[in-house]
Amino acid sequence: MRIDIITIFPGMFQGPFEHSIIKRACEKGYLDLHLHDLRDYTTDKYRSVDDYPYGGGAGMVMMVEPIARCLDQLKSSVPYDEIIFLTPDGELLDQKMANYLSTKQNLAVLCGHYKGVDERVREHLVTREISIGNYVLSGGELAAAVLVDSIARLIPGVLGDETSALSDSFQDDLISPPVYTRPADFMGWKVPEVLLSGHEKKIREWRMQQSLERTIRRRPDLLREDEEQP
Ligand code: ADE
């Protein structure tokens, strides 16, 4: 999968993309990440990407021209499945959305800033608007890193053990069961006996029971969401 990220702060991705799963996905060739500095698509000597809002008001607005120029150039060589704009008023990112996006070949991700982007970008240039939660970040970069991480780990082959993404919390609308490792007894805090028993069927049943109980207790909304589906 190829992902192109359009940003005015490409340096913000250095940390998140140079470690762990995303780094490995890139090194193994499963993920082809490209960062594009929006200022490279400006034409004035100040490399401006924003301007005052028509009609007045506080804050600057990201201009349509550099974004259109950048996307035009990218689209001339990449057939994008989705062009995503990250914004707090977009569709909420959840596991279903990550699953869906992980099946795509080419994605473009636009990171917003300032007061917002010129509405014509949203009307004409992007195909999808995504929010990572009901709070406002200073810009779309951290949200883009979250989005890319949630997608990358689902690309077949990226995680060593193919089943590990399938057993993630949320994959079946259930919270994952608790996990333990050595020692079996830490200062009297004991690992549940069943996990030490070696009895596979009992362990599977215990985990399912724990998942259900945890979901009911912590995230009953996940179960209700399921009921609402036709
Ligand atoms: N940009 C600012 N806040 C955001 C959010 N919550 N999700 C996605 N993009 C954003």
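How far is a backbone N or O atom of threonine 87 from a nitrogen atom of the ligand? The legends below start there, and all of them describe a predicted model.

**View 1. Backbone atoms facing the ligand nitrogens.** The distance for threonine 87 is 3.2 Å, from a backbone N or O atom to a nitrogen atom of the ligand. Glycine 133 takes part as well, with a polar backbone atom 3.1 Å from a ligand nitrogen. For leucine 137, a backbone N or O atom lies 2.9 Å from a nitrogen atom of the ligand. On its own the ligand has 260 Å² of accessible area, and the protein covers 97% of that.

**View 2. The largest nonpolar core.** This core holds 26 residues, and those with the most contacts inside it are Ile3, Ile5, Leu31, Leu101, Ile130 and Leu147. Several elements give two or more residues to it: strands E1 (2-7), E5 and E6 (106-111), together with helices H2 (20-27), H4 (95-102) and H6 (141-152). Helix H6 gives the most, with seven residues. As general background, nonpolar side chains in soluble globular proteins tend to be buried together.

**View 3. Leucine 147 and its partners.** Which residues does leucine 147 touch, leaving aside its neighbours within four places in sequence? They are Ile84, Leu86, Leu93, Leu101, Val109 and Ile130. A second, separate core of 20 residues includes Ile8, Cys70, Ile83 and Val126.

**View 4. Serine 164 in helix H7.** Our last stop is serine 164, which sits in helix H7 (residues 163-166). Is serine 164 buried, partly exposed or exposed? Its relative accessible area is 27%, so serine 164 counts as partly exposed, since that class runs between the 20% and 50% limits. Along the chain, serine 164 and threonine 127 are 37 residues apart, and their C-alpha atoms are separated by 31 Å.

Definitions and conventions
Residues numbered from 1 in each chain as written. Predicted model: local features only at pLDDT ≥ 70, side-chain atom pairs only at ≥ 80, totals over all residues. Heavy atoms only, no water. Polar contact = N/O pair within 3.5 Å; in protein donor to acceptor, adjacent residues only side chain to side chain. Areas by Shrake-Rupley, 256 points an atom, 1.4 Å probe, with all protein chains shown as cover. Helix = DSSP H or I, 4+ residues; strand = E, 2+ residues; numbered from the N terminus. Buried < 20%, exposed > 50% of the residue type's maximum accessible area, 1.4 Å probe, protein only. Core = buried A, V, L, I, M, F, W, Y, C linked by side-chain atoms within 4.5 Å. Contact = heavy atoms within 4.5 Å.
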